[in-house]
Amino acid sequence: MNKRKNVKENKNIAAVITIGSESVNMKVASLSLGEIKLVDTLSYPLNLGHEVFVTKKISFESLKEISKVLDGFMRIMNEYGITQYKAVATSVFREATNREFVIDQLKIRNDINIEVFGLDRAKSLIFNEIIRRSGIDESSLANTLISYLGTGSIALSVYKKGIMEYTRNFSIGSMKLMEILDMDDGTLDEYYTALDEYIDSVLDKVVYENVNKGINNIVLSGSMVRTIAKQCGVESTNGNYRIKLEAIENFYNQLRKMPLNDMCKKFNITAADAELLYTASALYIHLLKLTKANEIVAVDTHISDALMVQLLLKSEKNSYEEHVAKNAASCARALAKHYGCDSKHYEAVCKYALAIFDKLKKLHGLNARRRLILELACILHESGSFINTHHKLLGTYDILKNTEFYGLTAEESLLIATTASTDEMHMIDITEPFENLSHKNSLVVTKLCTILCVANALDKSQNCKFDNISLKLKENELIVYAETDKNVHLEKWAFSECTTLFEDVFGIKLRLVVKTPFFK
Amino acid sequence: MSDKIKKLKEKDKENSYPFNNRELSWMDFNYRVLEEAHEKENPILERVKFLAITASNLDEFFMVRVAGLMDQVHSGYKKKDPSGLTPAEQLEKLIEKTHIFMDKQYSCLSRSIIPALKKHKLFFLKYEDMDDKLKEKCDSYFDNVLFPVLTPLAVDTSRPFPFLANKTLNIAVRLAKDSGDAFAVVQVPSIIPRFFEVSSENGRYFVMLEDIIKNNLNKLFQLYTIEAYADFRLTRDSDLDIDEEAEDLMVAIEKSIKKRQRGEPVRVEIAQKCDQALREFLVDMLKVNEGEIYEIPGPLDLTFLSKFGSIKGCDDLRFEPIKPVTPPADFYGYDDVFEAIREKDRLVHHPFESFDSVIRFVQAAAEDEDVLAIKQTLYRVSGNSPIVAALIRAAENGKQVTVLVELKARFDEENNIVWAKKLEKAGCHVIYGLQGLKTHCKILLVVRREEDGIRRYLHLGTGNYNDITARFYTDIGMFTCRESFGRDASSLFNVITGYSAPPEYLKMNVAPLGLRTFFESMVQREIANAKNDLPSGIIIKVNSMVDPDLISLLYDASRAGVKITLIVRGICCLIPGIEGVSENITVISIVGQLLEHSRIFKFENGGEPVVYIGSADWMQRNLDKRVELVFPVEDEDLKKRVFGMLDIMMNDTINARVQKSDMTYVMIDKRGKQPLNSQLEFYRLAKEALEEVKNDRQQPMFVPKESENN
């Protein structure tokens, strides 16, 4: 490949490479007059989904193929003078047990860093992009189900009164379903019936209570959007399609009667697409049936579009982070309610913890993402009581470690779980790193735990005794001023238990000054 | 109704539509070229060149098409073609037709051309016509120039019959020996000019090289008595058998090229009145049968006439040369080619408008510092190609250059291998072609970084990136930087380079996936419009019209009332003017000074006509086995211009012939019509357009009046 001489960095053009279940893709886009313009799209068909969903591994042959394709993509990026790009893999890599090896090999062979997106992170990017593209004001979303139907998994979130209250992921994407239920067994009708029932079994149990009641709107994106819309006779308006329930039902019923070959001929699609088409349509129908919606707003967008926005529109990056923070917190609150957590207590702890976090920014060096982790830990730190009052902290850890937090990675879930599962009675030992955490993450969690402990101590009785707190940071100490006319002996004791840890972690003393109204 | 049509209509019941045999139709095309050799209105040296063209056409026809039929017959293949003929039947008819054709070639030469040459004091002499002085001159030429180069090859039990390369001219000699006859072969060297100008007093006198050799054979065989000699020439099967799945396609093609020289003989031309023993000897050695032997009154291999037609000092005996207009009107006044294209789409009609505009585009891209990448397909490239030089320069300047050099371009394989290696050496990314497909599309993409982002500049055309053939092939090229075209071009190259599956193109129609369907849908639309009493009509200009399915669809369109005009230079398997089948179809063929090569497709589209141009003829190979590109002309001015081109061609009364329903061609009936030579008219229009633009751009100068004291 011709090595370009003196490549000027061009921040107005970027590429996003996505390794998916059925293809390796690249999108190239440029920023022109504030708008993102698609320059080039490539899609190299490579059916990784089949081998991964069945064997749980990416074969060496596939690895070589991916490497060859990435080589070509890098060449094309060079042709456009692209210096900023993102390479991600989604469900197919998530499910591959040898993904670390594959990622390592691609780094060595192609000098490309592939980031494997957890479903929540992918989902949040896509949902943010769906909202951005559809032009909907997020705060006005009411009784709306938003969903992404991928080839490996599907993700749902529910908005009520402008707030996301529920979010879930399911490993039943259109291709995955196909692999799970072998099409060769049984008659066509048996297969379709089995497929329907399987989807019902996965979706209904968990989803039913949370989703169907009063949901009037569905906004979705994912595989086969364009094909389904076209077959339902719907034209795009700015990349959006409004597909009526009746149209999808008719289409779906047509498909049910059709063998694969007939589908290929009638819709002029490949056999692979035909298989995906049925499973995708089945998922659409099931979502519709869960709700009272009579149409679907389908947005033709992909994770690569979302990432492109992040690369080219720096302002949108902040907007995305805000979206994640807001919705992660709102979903966490919904979850806290489900686990019977005392909202007044956790809101107080949250308020105190975030105030301390903000005050100590120069000392802890943690970013907004870490602040979010602290916030979520605060909201859910009592959740363990729901399953085990005796070993509440262990319960909290187990629940939160396995919780899918909106927009956060599995690693971040672990940080939340670890942070939330400490209190002043069960202090962390700063000389010993946390189990299952890297050294770097151990440091982060130590800082967050310390702040959480202090915040929790301030409402030890869970009676919200302090109306307000204010903080003063001096050179050698942090003074917490709290005002109350109530007996705060318990809080003072709990607070004192935290001071040694606080000093060890932040290198400054911690002092509580309680003012009573008599002494203003 | 002629017997021919009756038979075809009977076959119609079997095949559902009348269809002319492709090979026989090609022969008819070569007949039309031969007619130009006969045409007394043409300057004599142009007639000579036309005759040469019929000969080189026939050579290639034998090497590929006849050879292919022979293979089919030998392997027992009996499937009938769409015209209802088996390979054996086709071969039989072809042999008959080609024998007659070659008779006519030589009749044209001896009865028409040579006498005409004489009138212009150009003479071909035989030895017996020469005086001693001239003979001496020829003999001296033999002694000094030919003798050192010639290698007579004897044939006997210890020396087998020599391997004779394809298309070489040879002299077979029968020698008397004590023990009986002996034979030898002397190859006429192709490196030496075929005709020798022996005198230029009172005219110019030429002698054929083989005549000089034959009359000096005794010097080659001093120990023998020469009993008889005869010229002969061998044509071999030259279709390459390439293992496309070989790991290295270039190596596979290089191997195949070497094998080409050893293909089976498909034709032997022998001088008439050849000695019987010599004839038998040749038949035995070459292992040919009677049908493959063509007795020629001489001289063999008329392709030499091409060079003869270009002899110096006889410009008045040739067409006035068409000097391509430079720059084309569309580019006049623009130093910056990118600026010109940004302003609007541009169209260039070659050779009337110079191909330099394309070369300059590549050269500008190679030097421009904002150009990031250049991508191009090359099918047939000239020997000293400035396009390739520009691409090499671009690579040296750090541009990302991607070139698809189609190594399987028949008879240009070696040439293209040379270019591919040079480009690779310079750092270009070279693709040799696609497995199972030939890349025939003509496209050049330049990716440029500009203030408002990436912009792609394209050249798309009907002709090869060959500055030599661009001087005598008519072709059209369009320059554009429309975003939709740029996207499609990038997508096409992504597919060609193997990085992506084919997308849904926005504007372009690409074979092998989608182009056939596109044409079908366009014709179907005209049928629907005709049935709904909306304006309908089709005009198609191609080099060959062969595809049975599309022809059948055109018949359907004709039956539906759609008026169809086909401007087909060469092979046309559609038969026009048959009642109830094709009465609404007119087929014309333009054969003139230049080789018609452009492809244009116009559809009436209910009163809003649309026009496409591209690289594809209507043959199965173009639609199903090649990467071809057909694209719309969207700029209104350019659309009008292309419509105008079609109108001019349809009104050609000088070079156009119309096909009748009995498949013969006749000159257009000129009565009541303005004489119009479409090719000269295009030339005139190109010059006129440039003058107009020049005049428009000349600003009147304001002359200030000043005081004399200043």
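Chain A exposes about 23200 Å², and carbon and sulfur atoms supply 49% of it; these areas come from the Shrake-Rupley method with a 1.4 Å probe, and for residues only the protein chains shown count as cover. This is a predicted model, where local features need pLDDT of at least 70 and side-chain atom pairs count only at pLDDT 80 or more, while totals for chains, interfaces and linings use all residues. Residues are numbered from 1 along each chain as its sequence is written, chains are lettered from A and ligands numbered from 1 in the order in which they are written, and side-chain values use heavy atoms, with hydrogens and water left out.

Staying with chain A, buried residues make up 56% of its 520 residues, buried being under 20% relative accessible area with a 1.4 Å probe, protein chains only. The C-alpha trace spans about 85 × 60 × 45 Å along the principal axes of chain A. Contact means heavy atoms within 4.5 Å. Among contacts in chain A between residues at least 6 apart in sequence, 69% join residues at least 24 apart.

Now chain B, and one residue. B:E596 sits in strand 22, residues 595-596; strands are DSSP runs of E, at least two residues, numbered from the N terminus. With 3% relative accessibility, B:E596 counts as buried. Leaving out residues up to four places away in sequence, B:E596 touches, among others, B:K541, B:R569 and B:Q679. B:Y473 is 123 residues from B:E596 along the chain, yet their C-alpha atoms are separated by 5.9 Å.

How values were computed: Buried < 20%, exposed > 50% of the residue type's maximum accessible area, 1.4 Å probe, protein only. Helix = DSSP H or I, 4+ residues; strand = E, 2+ residues; numbered from the N terminus.
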